[in-house]
Amino acid sequence: MWTERENDLLIAVLDELIPANKKVGVPAAGALGVAGFLPTATSYAPDPVGSVKAVLKSIIDKSSDFTMLEGVEKIALLRDVETENAVDFGTLVQLTYMGYYSRPEVRSMFGVGAHAVQPKGYDVPRESDEFMESLTAPVRARGKFFRVV
Amino acid sequence: MKNETVDVLIIGAGASGAAIAWSLLETRMRILCLEQGPHVADKDYPSRDDDYELSRYGKFSCDPNVRGLKQDYPINADDSCIMPVNFNAVGGSTINFLGHWPRMKPSDFRTKSLDGVAEDWPVNYAMLAPFYAMNDETTGVSGLGGNPAYPDYTPPLPPIPMGKLGQTLAKGFNKMGWHWWPSDVSILSQDYDGRQKCVNAGTCDLGCAAGAKGGTNFTYWPILENAGVELRTESRVREITVDQSTGFATGVIYHGPDGQVHEQKAELVIVACNGVGTPRLLLNSKSKMFPDGLANRSGMVGKNLMFHPLTGVSGVFNEPMKGHEGPMACSILSQEFYENDPSRDFMRGYGLHSGRSTTPMTYALGGYGVDNPIPWGAQHREVMDNVYPYLAGLTVVAEDLPEEHNRVTLDPDLADSDGIPAPKITYRLGDNSRKMLKHGEERAKEVLMAAGAKKVLTKGDDDVWWRAGWHQMGTCRMGNDPKKSIVNSWGRSHDVKNLFIVDGSIFVTAGAVNPTSTIQALSLYIGDSIKNNIETLFD
C-alpha cells in the first residue's frame with residue numbers, strides 16, 4: 001500500500017487535518033488509526049490510495065521531513081498542497097472525516113450515541129398535553145390563518 | 001416472452017402506485033405492478049450497523065448517481081442547480097424520504113385566480129380532503145389537530161416529540177408572534193396497525209428498519225400483496241406500447257430480473273414513476289402515432305419541472321440541542337409567510353421547517369445534501385466542539401413556480417444498465433424563488449435570535465442545496481385544456497384514453513410543502529374517479 005515512511009507521514013498529516021482536543025480526550029485522526037480506513041474507502045472515492053499517494057508525494061516534494069516541522073509550518077505546507085492539488089487533497093479530507101466519524105466511540109464524544117440507532121434509538125419523551133396547550137396558545141389565539149377559497 | 005393480459009398495470013411501487021392499487025382493490029380487477037427495484041430486506045437497513053453514517057455516501061445515498069445500483073437510472077443534472085434524488089425499491093422514495101407530511105392548502109390549488117400566477121388546478125382542497133384523511137389512516141400519521149393554518153382536521157395519532165430543539169424554536173416563534181405548529185408526520189408516535197412506534201433514531205433517510213415511518217413498503221404493500229396484487233420486482237419498463245389503429249395503450253415492454261425483455265399486455269396502464277421517471281418513460285415511448293413521446297401531443301411532457309428550492313439557516317445556542325434525537329426533518333413548521341402577500345417583492349410564499357440537526361460525519365461533510373466539508377485543522381476542532389452540538393436550524397422551503405424552460409428530456413448519450421436513455425434535467429432557479437429564499441433567510445435569522453441563539457450561521461452565498469430534488473413535480477400536469485396539460489382532472493391522459501398518471505408529475509403548482517401526502521391523496525382520488533366512471537372509462 002505505502003511505505004513505512006509514507007505511513008508515518010500520513011499519520012502526521014491526518015493529525016493536522018483533525019487535531020486532538022486533549023482537554024476532553026478527543027483523539028486526533030492519525031492517532032485514532034484513520035490511515036487504516038483510507039484504502040478501504042473505494043465505495044466513497046474512485047481511487048483513495050491514488051489520492052493519498054498524490055498528496056503525500058506533494059508534501060515530500062516540499063519538505064524532506066514534514067514530521068519535524070513546527071505546527072505553523074505544517075499548516076502552511078498543507079495549505080500550499082491543498083491549493084496546488086485541490087482534488088486529491090479534497091478527497092483526503094473527505095475520507096478522513098468519514099473514517100474518523102464512522103467510529104462509534106468518536107460519535108459518543110459529540111453527544112451522539114455510539115450504538116447503532118436501530119433498534120434502540122433515543123428516549124425522547126413526548127410533551128404533555130398541558131404543555132402543548134400552553135405552548136400553542138398564542139398561535140391558536142390568532143384564529144384561522146389561511147385563505148378561504 | 002409474453003405474459004397473460006392483466007386488467008390494470010401499474011408502473012412503480014412507490015407512494016402513488018401503492019395508493020392507487022389499494023384504491024382499486026375493491027374492483028377485483030387483476031392488478032399487476034412492475035417495480036424496477038427489489039424489496040429492501042431487513043438486514044439491508046444501514047441503521048442497524050455501527051458505522052451507519054457511511055451508507056449515506058454509498059449504497060443508501062439519496063443521489064442515484066452516487067448509489068449507482070443496478071436498479072438506479074443515472075440522471076444528467078449538469079444543467080441544473082438542483083439534483084433530483086430518489087430511491088428505487090418497493091416503496092420507492094418513501095423508503096428514504098423523511099416523512100414530513102403537511103397538506104397543501106386551499107389557496108395552493110387556485111394560484112391563477114387568486115394571485116395571477118401559474119395555473120389553477122382542476123381539483124381543489126375540498127375534493128381531496130376525504131382522500132387526505134383516508135390516506136392518513138392507512139399510513140399512520142401523527143400530529144396535533146387544530147392547526148389554524150388549515151381547515152379543520154385531526155391526524156389519527158398524537159404528535160411525535162418536539163424535543164428540546166423544537167420547543168426552543170417554538171418559543172422563538174411565539175416571541176415573534178408568528179405562526180408555527182408541530183409537524184404532521186407519517187411517523188408513528190404510538191404502535192399502530194402492527195407497526196412499532198418511532199424510536200427517535202434520527203436517520204429517516206437511511207430507511208426505517210422498524211417500519212415506524214410510513215413507507216409504502218410497510219403501509220400499503222403488505223395489504224396489497226396479501227390481497228393478491230401481483231408485484232414483479234427488478235422489472236424495469238422500457239416503453240409503453242400503443243395500438244396504432246385505436247391509439248389505446250396495449251401494455252409495456254420491460255426488462256425482467258432474468259435479463260430478458262418481456263412484453264406485458266394490459267387493459268389499463270397507470271404510470272407512477274414521479275416527476276422525472278414518468279416523463280422519461282413517456283418520452284421514450286415513441287411511435288408513429290406519438291412521434292414526440294406518448295401522450296405528448298401538447299408538447300408539454302417534461303416541461304414545467306418544479307422542485308422545492310431550499311436554503312438553511314442555523315442558530316448556535318448555549319446548550320446542546322440534541323438535534324440528532326428524533327425524526328430527522330420533522331419538528332415544527334411555520335407557515336407565517338406561506339400565503340401570498342402583495343407587499344413583498346415576490347409572489348406566493350414559503351415555509352420555515354425545523355428539521356433536527358444531523359450526525360457528526362454528515363455535519364463535518366457539509367450537511368445533508370451538501371458537498372462542502374467544514375474546514376480542517378484547528379477550525380475543525382472549534383466547529384465540531386463548540387458549534388455542532390449547539391445547533392438548531394430552520395430550512396426555508398420555497399414554492400417554485402412552473403416555468404416551461406425547466407424540464408426533463410432524454411439524454412442522447414447517457415443510459416441505464418438496460419440501455420434505456422437517462423433523463424436530462426434543465427433547471428434554473430427563477431428570480432421569484434431567489435427573492436423568496438432571501439426573504440426566508442432573513443426571517444429565519446430573526447426567529448433564531450428570538451429563540452435565544454447567540455450566533456446565526458448562513459451559507460453566505462446564493463446557492464441552493466444541491467441534493468434538494470426530492471420533490472419532482474409538474475412535468476405531466478393535469479388540466480382541462482389538452483393543449484396545456486397531459487392528463488385531465490382525474491388523471492386520464494388527454495391523448496390515450498386508457499393511460500393514467502398518478503404521481504407528482506401531474507401537480508399543476510408546487511405549493512411550499514412536502515408533496516407526498518398530496519401525491520397519495522390525489523392517487524386515491526383518481527382511483528375513486530376510475531371506479532365512479534368504470535362503465536364509461538375509455539369514452
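Reader: How do β11(B) and β12(B) pair, and over how many bridges?

Author: Antiparallel, over four bridges. Strands here are DSSP E runs of at least two residues, helices are H or I runs of at least four, and both are numbered from the N terminus. Two strands pair if DSSP finds at least two bridges between them. This is a predicted model: local features need pLDDT of at least 70, side-chain atom pairs count only at pLDDT 80 or more, and totals for chains, interfaces and linings use all residues. Residues are numbered from 1 along each chain as its sequence is written, with chains lettered from A and ligands numbered from 1 in the order in which they are written.

Reader: Which residue stands opposite B:Ala398?

Author: B:Tyr350 does.

Reader: And β9(B) to β12(B), how many bridges?

Author: Seven, also antiparallel, joining residues 310–316 to 391–398. B:Thr311 partners B:Val396. B:Gly315 stands opposite B:Ala392.

Reader: What's the strand order in the sheet?

Author: β4-β10-β11-β12-β9-β15 in chain B, an open sheet of six strands with antiparallel pairing. β4 (181–182) and β15 (455–458) have a single partner strand each, so one side of each lacks a neighbour in the sheet.

Reader: Is β12(B) mostly covered or uncovered?

Author: Mostly covered: eight of its eight residues are buried. Buried means 20 or more other C-beta atoms within 10 Å of the residue's own; 12 or fewer is exposed, in between is partly exposed, and C-beta atoms are placed from the backbone.

Reader: Which residues point the same way as B:Leu391?

Author: B:Gly393, B:Thr395 and B:Val397. B:Ala392, B:Leu394, B:Val396 and B:Ala398 point the other way.
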